[in-house]
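Visitor: Hi! I have a model open and would like to walk through it with you. Could we begin with what counts as buried?

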Amino acid sequence: MAERKSMAEAGRRKRNLLEIIVVAVTVALIVIFSVVVDGFATFGNFRVILSNSASLVILSCGMAVVIISRGLDLSLVAVMIAGATTFTIFINADMPVALALLLTVGAMVMIGLANAWLIAYVEIPAMLATLASAMLVVGLFRFAILQGEFLLLLSKTNPAVIALSGDLLPGVSVSAVVMVAALLVTWFLLRGSAAGRTIYAMGDNFQAARLTGLPVRTTTITVYVFAALAALCAGLVMSAASGAVDFRTVTNGTLLFEVILVVVLGGIPLRGGRGGVLNIIIGVALIAVLRNGMTLMNFTAQMQDVLKGLVLIVAIVADNYFNPRDTETDTVGDL
Amino acid sequence: MLSSLGIKIRGAASSAIVGACVLLGGSGHASADVDISGKKVIFVPIAMGISLTEGWARRMREHADIHGYTLDIRDAAFNTGAMSELLAKAITEKPDVLVVHNPTVQLLARQIKQAESEGIKVLQVNLQSNQASSAFVGANWERIGREIAEDIVKECGEGSGKSGKVSIIPGQLTAADSVIMNEAAFKVFEAHPEIEVVSNQASDWEPEKARQITATVLQQHPDLCAVFGHWDVHTMGAGNAVKDAGLADDVLVYATGGGDDVACKAVEDKVLDRVWSYDADGQGRDVGTMVDLLLQGASGADGAMMEVESPMKIIKAGDSYDPDLCWKM
């Protein structure tokens, strides 16, 4: 018994090693940037880091829940832009904000339901189902709704846009509040609800969860609808801040990879079953600090890509050195 | 070099275009000595769905309808890989004129050379490649970069009482407009050591990236004097960052663009302060006219590239603001 307990503890230590390394790299970067970069270690810059990371954190909440359930949602960024587009069209047509939001939420829930139905009932692999729905959503919105337009501009004088991009209290932006709310809801879903226990069980061993009678299909619906709503929140925050809904965010593809990177780097393995809100925060912290520091140092976009790649490789190599693969960790999709 | 070459032949090309316009304007119907009906023109833009290319396409279609030639548009949808493939496919179809919108100075250079060597006349629109071709219609980026830089020096330089700090937001560092505008602007700034470029980071033409860069730079340099964005659409993201920081009255936001009504709205909303517009609607007409001329066999002296420079309209906030400077689709 004692032996089993010590083995479990050793396993947990190994699992936490990547998180520790990522936290260590983040702290090291914060120290280096604070010393080297003028203006990094200020409260104002901390606020900028928070506001620039808001949409990434919210998207990562959706992706984390999906990945923990052993799924993958490649339609997340497409849904984000589709949600922002729907809301923008409604408010540009002078529809009351509450009604516009309600209709948009309804539309995004439908997309989440469609994804979940394809995965849970038609039993198409999540990656293929969400890839197809991403293409469908982008195509439908760009050509049927926007008639070929790539960009939709929002007026910053619109009350809804002002509310979403402004401050709730002095020094506390709405985007930061939405971000914290998303983290809390994710925490509650994963740790405080029955669905959360099923999500972990599905990620740990999907067949065992199904055979023991857990409601895997309805939980899959919860997971993908939650992801769609998270994507909508991220889309509203991002488009209100920049004053534009830009379909190149989907077609460029970098944001989707960044979201998956944040989740995995934070310590949530692609095979699911593990992780939580803390892992999202850890993953985003590294990417956000790195991006902010390099922007302050006036690095070109190409140089930023090189350095971001280098830091990530260092983190992964360090993890491999301290946490060599064994039969337990050597699974498809694991770092 | 291209610029000086352009200056030499600009007069000749402009005269030819004016002549063609007189011909077209003389009767309600198109007429030309050379029958160009049935000819084939392919246009490969970086992307449709933006006012710039939609504005060009609208005028090009009008010319195609008047003269009875076909105009096929192959939308690369901001995908440079797809753009090379679309251009390769277009070359195999042997059109009479190929209209190309270069995303970078290098990307399509080899294919432009190949098309010209196969007898296809290539007209480059607004963004030039390193490779010369039969014709170019577009903005004089050197002039825009220089004029905006000079305006920044006037507003932020010696005697202005401002910090002299400038943030530049190119679209892509290798895009023709960004390369030329940056070169021209830095040449002006070099003569004015009081001007300090504190940031020069590309936004990939995305408003959100421009917003994030600007929000970060403003934290480090709250006394920033000006933002120079290389395209009005992504610069609106930067302008919104300035506005959200409560610095709209302190930081001047400069941009360039096609000058549609969205640009004027941005100036009215104090998201942008000054826009150097190359008037995409007028450019569309110039492109259509140049296609007509190429189809009629026009060519530059000694095979030199014919060049038409788009006239500039400067849209400024303040007393001189005139919404009629912008066009509407």
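Guide: Happy to. A residue is buried if 20 or more other C-beta atoms lie within 10 Å of its own, exposed if 12 or fewer, and partly exposed in between. Keep in mind that this is a predicted model.

Visitor: Good. How many residues of strand 4 of chain B are buried?

Guide: Five of five, so to speak: strand 4 (residues 121-125) of chain B is mostly covered, with five of its five residues buried.

Visitor: And which way do its residues point?

Guide: B:Lys121, B:Leu123 and B:Val125 point one way from strand 4 of chain B, while B:Val122 and B:Gln124 point the other way. All of them are buried.

Visitor: Which strand pairs with strand 4 of chain B, and in what sense?

Guide: Strand 3 (residues 97-100) of chain B pairs with strand 4 of chain B in the parallel sense, over four bridges. On strand 4 of chain B, B:Gln124 is the bridge partner of B:Val100.

Visitor: Okay, what about B:Lys40: buried or partly exposed?

Guide: B:Lys40 has 18 other C-beta atoms within 10 Å, so B:Lys40 is partly exposed. You'll find B:Lys40 in strand 1 (residues 40-44) of chain B.

Visitor: What does B:Lys40 touch?

Guide: Leaving out residues up to four places away in sequence, B:Lys40 touches B:Tyr69, B:Thr70, B:Pro95 and B:Asp96. As for B:Ser51, B:Lys40 is eleven residues from B:Ser51 in sequence and 24 Å from B:Ser51 in space, C-alpha to C-alpha.

Visitor: Let's zoom out. Which residues have the most contacts inside the largest nonpolar core?

Guide: Those are A:Ile58, A:Ala227, A:Ala230, A:Val237 and B:Leu123, in a core of 200 residues. Helix 10 (residues 216-242) of chain A gives the most to this core, with 17 residues. Domain 1 (2-139 + 280-310) and domain 2 (141-277) of chain B each supply at least three residues to this core.

Visitor: What sits around A:Ile58?

Guide: Not counting residues up to four places away in sequence, A:Ile58 touches A:Val178, A:Met179, A:Ala182, A:Ala230, A:Cys233, A:Ala234 and A:Val237.

Visitor: While we're on chain A, what is its secondary structure?

Guide: Chain A has 14 helices and four strands. It has 335 residues, and 46% of them count as buried.

Visitor: Why is helix 3 of chain A largely enclosed?

Guide: 15 of the 17 residues of helix 3 of chain A are buried, so the rest of the structure largely encloses this helix. Its length works out too: at 1.5 Å a residue, the 17 residues of helix 3 (residues 76-92) of chain A should span 24 Å, and the end C-alpha atoms are 24 Å apart, which agrees. After helix 3 of chain A comes A:Asp94, with a positive phi near 60°.

Visitor: Now the two chains. How many residues of chain B are in contact with chain A?

Guide: 33 residues of chain B are in contact with 33 residues of chain A. Helix 7 of chain B gives the most to the side of chain B that touches chain A, with nine residues. The residues of that side divide into 15 nonpolar, eleven polar and seven charged.

Methods
Residues numbered from 1 in each chain as written. Chains lettered and ligands numbered in written order. Predicted model: local features only at pLDDT ≥ 70, side-chain atom pairs only at ≥ 80, totals over all residues. Helix = DSSP H or I, 4+ residues; strand = E, 2+ residues; numbered from the N terminus. Contact = placed C-beta atoms within 7 Å. Nonpolar A, V, L, I, M, F, W, Y, C, P; charged D, E, K, R; others polar. Core = buried A, V, L, I, M, F, W, Y, C linked by C-beta atoms within 7 Å. Domains from an automatic or database assignment. Expected span 1.5 Å × (residues − 1). Pairing = 2+ DSSP bridges.
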